[in-house]
Amino acid sequence: MRTFVCVKTQQLVSRVFSPSAAVRWRAAQSRFLCSSPPDERKSQPSLLRHLTSKLKATGPITVAEYMREVLTNPVAGYYVRNNMLGPDGDFITSPEISQIFGELLGVWIISEWMGAGRPKQLQLVELGPGKGSLASDVLRVFSQLRSVLGETSVSLHLVEVSPALSLIQAQNLTRDCSQEAVSEDELVYRRGTTAAGLPVFWYRRLDDVPAGFSICVAHEFFDALPIHKFQRTQKGWREVMVDIDPDKPDKLRFVVAPSPTMASSTLIQADERRDHVEVCAEGGSVVQQLSRRITEDGGAALIADYGHDGTKTDTFRSFKGHQLHDVLSNPGSADLTADVDFSYLRRKAGGGVACLGPVSQRTFLKNMGIDTRMQVSLHH
Ligand SMILES: C[S@@+](CC[C@H](N)C(=O)[O-])C[C@H]1O[C@@H](n2cnc3c(N)ncnc32)[C@H](O)[C@@H]1O
């Protein structure tokens, strides 16, 4: 079976709601497990300094480049330095709120595997696993349904850019201390084994995950990938860029490129009707890779994120301490995010895979039996 499913969530709501008791429990558990908390909520002028010297040298940069630097700069990037998930962090996600979300995904994964004829090898791939909570909930379902999986060889493959988060994931998922790769060049930069004996591998990029029948999940991963922003002007489409504010040299501002850029010439659809458009080319390329893997080796992918179907315009925003924050101020100290354009991802998936959705998270969870699962929880 070749499937590719998109699930649209209302994550914006859960990002601003005050945390529930379940969240507090999860957060307390992670703090306990995290021996060297990487949380550095101090201001990080070094990233602003790095960006301003880059801007002085090269001129304005694209929003995509700004977002990439701010979130994943190897030294000072937001995801690289911070432990941002949870009530004490900047935002909360579904897997951190309830274990039921991951458990129902576990049921979906097993049903996809059964529908594909129960291949002997099953690679479970997660993009951007956060604290590892979703994978842990999925693996609990795998343990409970061990008799269904039989002799199938199951392995877990985590694509994570943040060394700090990979350590928290390892502490949540592996039985013993996971091992870090000796050399920076190794594709697998960390490895370990779960309590049930399943091997776990960490990679920086999806490209590095070995070929083979894979079921891939991505929850709130695509919204963190860099977007390009474009503005319709009287002279045609122009890219929105980031530059130094000439009146305040330690501040950044948006400017519109005076002439077409490579991105504005290639990423806008000829029949585009909006006046402002955001395109996540990197997300499109990840989806193309997923599609190719599914076509060549079999499997399925599920993308759960907040997003739209090619209708929204300006969704680029920042969160700090569960509050909206200025996207250009104190870069590296706050999360940057943009709604996922599912119509763009569907186009990029191409015709070789069946693309379903997006459906609302509510519909997906209802179809996966959340009502029955809730009844079971209430009676225990
Ligand atoms: C918003 S968090 C979501 C975490 C988790 N999936 C959840 O729902 O709780 C984004 C995750 O993607 C990772 N990430 C962000 N950009 C990435 C990239 N370019 N490559 C790999 N991982 C990335 C972050 O480090 C983090 O684990």
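This is a predicted model: local features need pLDDT of at least 70, side-chain atom pairs count only at pLDDT 80 or more; totals for chains, interfaces and linings use all residues.
Local features require pLDDT of at least 70, side-chain atom pairs pLDDT 80 or more, while totals for chains, interfaces and linings use all residues. Residues are numbered from 1 along each chain, and side-chain values use heavy atoms, without hydrogens and water.

The axes (lines fitted to C-alpha atoms over the stretch in contact, with angles from 0 to 180 degrees between N-to-C directions) of helix 7 (residues 99-115) and helix 8 (residues 133-144) come within 7 Å. They cross at roughly 55°. Helices are DSSP runs of H or I of at least four residues, and strands are E runs of at least two, numbered from the N terminus.

A pocket is an open set of points with protein on both sides within 12 Å along at least five of seven lines; in a cavity a 1.4 Å probe fits but cannot get out; lining residues have an atom within 4 Å of a point. Volume is the space filled by probe spheres set on the points, which are joined across faces, edges and corners.

The largest pocket holds about 1100 Å³. Of its 49 lining residues, Thr72, Val159, Glu160, Val161 and Arg204 are the closest to the centre. Helix 8 and helix 12 (281-297) are among the elements that each supply at least two lining residues.

Two cavities reach 30 Å³ or more. Helix 12 gives the most to its lining, with three residues.

Definitions and conventions:
On a 1 Å grid over the protein atoms alone, a cavity is a set of points where a 1.4 Å probe fits but cannot get out, and a pocket is an open set with protein on both sides within 12 Å along at least five of seven lines; lining residues have an atom within 4 Å of a point.
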